[in-house]
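User: I would like to go through this model with you. Could you take me through the ligand site and then the strands?
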Amino acid sequence: MRSFDPDDSNVVRPFPFFRAGVRADPSAANRPILVLEDVYKYFRADKPTLRGLNLTVERGEFLFVTGPSGAGKSTLLQLIYRKHTVEEGRILFCGRDIARLTSKSIPYLRRNLGVVFQDFKVVQHWTVFENVAIALEILDMPQRLVRSRVVETLERVGLGGRGGDRTSNLSGGEQQRVAVARAIVTEPALILADEPTGNLDPHLAIDILTLFEEVNETGTTVIFATHDHSLISKRDHRIISIEDGRVSEARRGLRSWSARDIISAADTKRGSGVHKHPVAV
Ligand SMILES: Nc1ncnc2c1ncn2[C@@H]1O[C@H](COP(=O)(O)OP(=O)(O)OP(=O)(O)O)[C@@H](O)[C@H]1O
Ligand SMILES: [Mg+2]
């Protein structure tokens, strides 16, 4: 594994992923960040949750994932961060199949991902600083660098000066900002957000959505799962819906949500995203 150089602005991102010693693959920069090919996931033998799901996500995209409760939105994200494995199909992250990574390689994959959940999953009795710093400490980053990274990231999410506060004293919206800070402090290539605004009132939901959009502006790809159509309809991002275990593509800029707005993925022309920083592989 590469050692840290505080003068290198790309100090976090160049982890080899999948296993130590894998050299960077420059051609990966031109590939979509994520491709799911004919993915099947069964939790019950008689009823697949995902059945032949296909999806391509370009670098730098902001993608909403929606669909009814139980459709498989969380399952899709969980397959990407390897909480679960697929039964059939491939999941290519920067061109490499992660669907069947060995357990030893999974931490390398996860260094390239930031995950944010509906219930924040922050440690209440830790300080704000500690909750964010942990993401860097598990990478063995030197303390001096951890400190500057965390301070900078807390500023970025609007929590400048709050590092010493006990997390339980923060509001729900502020706690979700801590969770976002923890997800982005390692500068991951891809952020997976599973109903990150589900516990927040509509006003705070917009604030958190805007925060993810600011992260996306810097080149990070964001996949944002939500069933909140009022939130989705306020924005112009690409939208996919999971129904019957497959993906349907909805039009960008959807203002009023209706069934006829869902069109087949094959009929949709997507613009390719921009990603400012190539992902190290
Ligand atoms: N670990 C698991 N074990 C068994 N079944 C599961 C598991 N995880 C998910 N499922 C099932 O897979 C289906 C999809 O669940 P998932 O949580 O992905 O839906 P969702 O679209 O995220 O729903 P919601 O909008 O309610 O969050 C459901 O039928 C669920 O019961
Ligand atoms: Mg879910």
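User: What should I know first?
Analyst: This is a predicted model, in which local features need pLDDT of at least 70 and side-chain atom pairs count only at pLDDT 80 or more, while totals for chains, interfaces and linings use all residues. Residues are numbered from 1 along each chain as its sequence is written, and chains are lettered from A and ligands numbered from 1 in the order in which they are written.
User: Which residues surround ligand 1?
Analyst: The shell consists of Phe43, Thr49, Gly67, Ser69, Gly70, Ala71, Gly72, Lys73, Ser74, Thr75 and His227, where a residue is near if its C-beta atom, placed from the backbone, lies within 6 Å of the molecule.
User: Which helix gives the most to that shell?
Analyst: Helix α1 (residues 73-80) does, with three residues; helices are DSSP runs of H or I with at least four residues, strands are E runs of at least two, and both are numbered from the N terminus.
User: Turning to strand β3, why is it largely enclosed?
Analyst: Five of the five residues of β3 (residues 62-66) are buried, so the rest of the structure largely encloses it. Buried means that 20 or more other C-beta atoms, placed from the backbone, lie within 10 Å of the residue's own.
User: Which way do its residues point?
Analyst: Phe62, Phe64 and Thr66 point one way, and Leu63 and Val65 the other. In a regular strand, side chains alternate between the two faces of the sheet.
User: How many bridges join β3 to β9?
Analyst: Four, and the two strands run parallel; pairing requires at least two DSSP bridges. Thr66 has Ser241 of β9 as its bridge partner.
User: And what stands opposite Phe64?
Analyst: Phe224 in β8 does; β3 and β8 (residues 221-225) pair in the parallel sense over four bridges.

Definitions and conventions
A residue is buried if 20 or more other C-beta atoms lie within 10 Å of its own, exposed if 12 or fewer, and partly exposed in between; C-beta atoms are placed from the backbone.
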